[in-house]
Amino acid sequence: MNDDDASMQPAVQLSALIDGELSRADSRFLLRRLEADAALRGQWRRWHLVRASLRGQALAIDRGFADRVNAAIAVAATPRTANVDGVLRWAGGLAVAASVAFAALLVMPGSPSNAPPLAVSPPTPPNSTGQVAISTLRESDLRPDLTPALHNVSEIERFGQPLSPSLRLDPRIDEYLLRHSAAAAHPLQASFAPLIPVAVEQPDGVVGKSGPSTP
Amino acid sequence: MNEARIGENALDLALIERVQRGEKRAFDLLVTRYQHRIIAVVSRYVQDWSDAQDIAQDAFIRAYRALANFRGDSQFYTWLYKIAVNTAKNWLVAQGRRPPTDDIDATDAVQYEGGSRLRDTDTPEHELLRQEIERTVSTTVKALPEELRMAFTLREVDGLSYEEISETMSCPIGTVRSRIFRARDAIDQKLRPLLDN
């Protein structure tokens with residue numbers, strides 16, 4: 001018989017595959033074919049049964065065993081690799097940064113249309129080797145004007161709801177927002193969701209932070 | 001062309017990658033590949049056939065859910081073996097029974113997997129079929145031509161690679177591959193009617 005894997009019939013290839021003796025390239029093709037070819041899968045199953053028999057192992061001869069496992073996993077989520085999770089976490093972190101920046105804009109006085117447009121560099125993929133994007137946000141952009149009353153009628157009309165009279169913004173809020181504007185501008189920042197301090201309202205009405213929290 | 005062979009461990013990894021890409025049928029291939037060994041492992045903890053099957057199924061389901069955490073730094077079977085042992089122990093604890101304290105390391109498990117006899121308390125028909133399968137395989141192997149039988153048993157019983165069999169039998173690897181396939185095919189011709197019925 002020819003040594004060339006490509007000239008072998010699928011069944012001969014399958015015999016070599018279950019022994020780990022097929023080439024990598026042909027293995028890829030055959031695995032793809034296996035998933036669509038019920039006859040080949042039947043051979044796979046029977047040949048492993050023969051192996052078990054020769055090795056004196058308990059024989060799961062009932063096709064129902066594999067069928068029951070398949071039924072259970074059919075409704076389960078696909079077990080994703082860590083790489084995919086990393087991308088999702090990066091995207092989640094970016095979404096959090098965007099929402100924090102948007103929330104900061106909401107407490108700024110004046111119509112958003114009158115404010116100078118904020119130029120934010122577009123995010124780059126996490127595996128990019130490009131340079132760090134420089135944020136064009138200025139500190140003054142994020143510093144709210146604390147002079148207007150937070151619960152007068154005009155503010156309610158503009159924002160749709162009265163702001164909490166107990167919400168007196170603290171210089172620590174500035175620090176918090178600046179840290180996150182810098183983090184949002186850094187494209188290679190790994191998920192910083194765990195690094196986001198949780199801002200909580202303290203008993204005296206001053207908003208402070210309780211420390212980093214891990215989602 | 002002597003392209004590198006995939007190897008059994010790399011075959012498992014290739015199947016796992018397909019599962020992680022959403023091809024659940026690839027997991028079925030892993031189940032049929034290891035179900036017998038895992039039931040044999042579980043049978044060291046429980047003697048009842050249907051309990052052993054239930055525990056083994058549970059072990060595979062847990063393995064599927066944990067596949068995202070499998071990094072390939074150990075062999076897939078070793079990882080699966082540990083899941084099966086833990087599942088069996090948890091089952092015993094849930095039954096109010098104490099699991100055995102002497103664990104057999106997964107790397108030594110191969111020599112202990114043979115010879116386990118489960119009581120088939122639910123399906124005597126299955127027990128009869130199992131005996132018939134073993135008898136058919138054994139008889140067919142004994143009836144094979146010498147060169148086919150030798151190549152096949154060196155592979156399936158002794159676990160030699162094709163290259164090692166080639167050296168042992170002083171023949172090309174392609175001849176080894178052909179002989180092993182023909183032996184499997186001959187057994188399959190006898191076994192298939194038994195299973196189809």
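How many residue pairs are in polar contact between chain B and chain A? In this predicted model, the count is 21, with both residues of each pair at pLDDT 80 or more. On chain B, the side that touches chain A draws on several helices. At least two residues each come from α1 (8-20), α2 (25-42), α3 (49-65), α6 (124-143), α7 (146-156) and α9 (173-196) of chain B. The largest share belongs to α2(B), which supplies 13 residues. By residue class, this side of chain B holds 34 nonpolar, 21 charged and 15 polar residues.

Charged pairs also span the interface. Between chain B and chain A, 7 salt bridges are found. One of them joins the side chains of B:R184 and A:D19, at 2.8 Å from N to O.

The contact involves 61 residues of chain A and 70 residues of chain B. About 6300 Å² is buried between the two chains. Carbon and sulfur atoms give 60% of that area. Three residues, B:H36, B:R177 and B:F181, supply 11% of the area that chain B buries against chain A.

Chain B itself is built from helices. It has 9 of them and 0 strands. Of its 197 residues, 49% are buried. Within chain B, contacts between residues at least 6 apart in sequence were also examined. Among these, 60% join residues at least 24 apart.

Key
Residues are numbered from 1 along each chain as its sequence is written. Chains are lettered from A and ligands numbered from 1 in the order in which they are written. Side-chain values use heavy atoms; hydrogens and water are left out. Contact means heavy atoms within 4.5 Å. Buried area is the accessible area (1.4 Å probe) that two parts lose on being put together, summed over both. A salt bridge is a side-chain nitrogen of Lys or Arg within 4 Å of a carboxyl oxygen of Asp or Glu. A polar contact is a pair of N or O atoms within 3.5 Å; within protein, one must be able to donate a hydrogen and the other to accept it, and residues adjacent in sequence count only if both atoms are side-chain atoms. Helices (H or I, at least four residues) and strands (E, at least two) are DSSP runs, numbered from the N terminus. Ala, Val, Leu, Ile, Met, Phe, Trp, Tyr, Cys and Pro count as nonpolar, Asp, Glu, Lys and Arg as charged, and the others, Gly among them, as polar. Buried means under 20% relative accessible area, exposed over 50%, partly exposed in between (1.4 Å probe, protein chains only).
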